[in-house]
Amino acid sequence: MITLTLKQPPTVPLEAESITPDLMVAASNAEIRALPVFHGKRQCRLDEYFDVDGDRSDQIVVRGDAAKVKWLGRGMTRGAIRVEGNAGMHLGAYMKGGAIEVTGSGSDWIGAEMKAGSIHVHGNVGGQIGAAYRGSLQGMRGGVIRVGGSAGLEIGMRMRRGLIIVEGKVRDFAGLQMKGGTICLMQGAELRTGAWMIRGTIISLAPIPLLPTFSHACDGHPVVLRLLAKKLAQLGLSLPFSEHDGLYRQYSGDFSVPGRGELFVWQPNAA
């Protein structure tokens, strides 16, 4: 195992793309300490900002408040990163495999355009989770992003595949221009959920304001949600699926595109 302990939070964001299992799995301690990071426009050594313990491993632990440390795990294909504290922007961007866990909170663009792997942030996160970067046509194309707290704007923007789970409240434009995949909103979202979505599935376990370009399709317990419930159970989460408790109201849209997305809103039975 490799342990990176942040000496002190950087004054401006530190770009640390080199903190990835792919670069450290075969590197000696001296080689890890010499890996490049960028503090503003200045290229520095990793050991200017981190104490480094261990070598030649694809298991990395980052300790300290890394809220201003960007690009952790960028493009990683293997191994695991555990951040014991907060993490900065672009965590796990372009990820292709492995696992990232953050015990604190995250920032914007977590898992942007990722293709595989898993990211679990226990606290709150910012916006554009699993989204496409500006000018890109596709967001995340696989993998799982789980957020234990709240999330910001435009989560899942243009995503094509994969699963995003947010256990707290979500802000506007969840699933913006969504092309596939699944977003599960455990406590609902604010305005314009599913705006311009073409395909994909959004599930909300709390009431949400719907755009007028979504049409009520039917009520019930779709088989696809039974499959999702099994997957969530493996993650320690539950999706209500008893007719005694309520049903899912299904909407189709966004017809302004026109789109064929699915939006399911849980309707509990009256007590």
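**Close-up 1. Arg42 and its salt-bridge partner Glu48.** With a relative accessibility of 44%, Arg42 counts as partly exposed in this view, which is taken from a predicted model. The side chain of Arg42 meets that of Glu48 in a salt bridge, with an N to O distance of 3.6 Å. Glu48, for its part, has a relative accessible area of 38% and is likewise partly exposed. In general, side chains of opposite charge can pair when their charged atoms come close.

**Close-up 2. The salt bridge between Arg78 and Asp58.** The side chains of Arg78 and Asp58 meet in a salt bridge at 3.3 Å, N to O. Arg78 belongs to the loop between strand 7 (69-70) and strand 8 (80-84), while Asp58 belongs to the loop between strand 5 (50-53) and strand 6 (59-63), so the pair ties together parts that are 20 residues apart in sequence. Arg78 is partly exposed at 38% relative accessibility, whereas Asp58, with a relative accessible area of 19%, is buried, because the buried class covers values under 20%.

Close-up 3. Glu84 forms a salt bridge with Arg63, in which the closest N and O atoms are 3.0 Å apart. This pair links distant parts of the chain, since Glu84 lies in strand 8 and Arg63 in strand 6, 21 residues apart. Glu84 counts as partly exposed at 30% relative accessibility, and Arg63 counts as partly exposed at 38%. Through salt bridges that share partners, Arg63, Arg82, Glu84 and Glu101 are joined into one network. The count of salt bridges in the model comes to 15.

Close-up 4. Strand 11 (residues 141-147) is largely enclosed by the rest of the structure, because five of its seven residues are buried. Strand 10 (residues 116-121) pairs with strand 11 in the parallel sense over four bridges, and Ile119 stands opposite Ile145 of strand 11. Strand 11 also runs parallel to strand 12 (residues 161-166), to which five bridges join it; here the bridge partner of Val147 is Val166 in strand 12.

Close-up 5. Leu247 lies in strand 16 (residues 246-253) and counts as partly exposed, at 28% relative accessibility. When its neighbours within four places in sequence are left aside, Leu247 is in contact with Asp219, Gly220, His221, Val265, Trp266 and Gln267. The C-alpha atoms of Leu247 and Pro268 are separated by 6.4 Å, although these residues are 21 residues apart along the chain.

Definitions and conventions. Residues numbered from 1 in each chain as written. Predicted model: local features only at pLDDT ≥ 70, side-chain atom pairs only at ≥ 80, totals over all residues. Heavy atoms only, no water. Buried < 20%, exposed > 50% of the residue type's maximum accessible area, 1.4 Å probe, protein only. Helix = DSSP H or I, 4+ residues; strand = E, 2+ residues; numbered from the N terminus. Pairing = 2+ DSSP bridges. Contact = heavy atoms within 4.5 Å. Salt bridge = Lys/Arg side-chain N within 4 Å of Asp/Glu carboxyl O.
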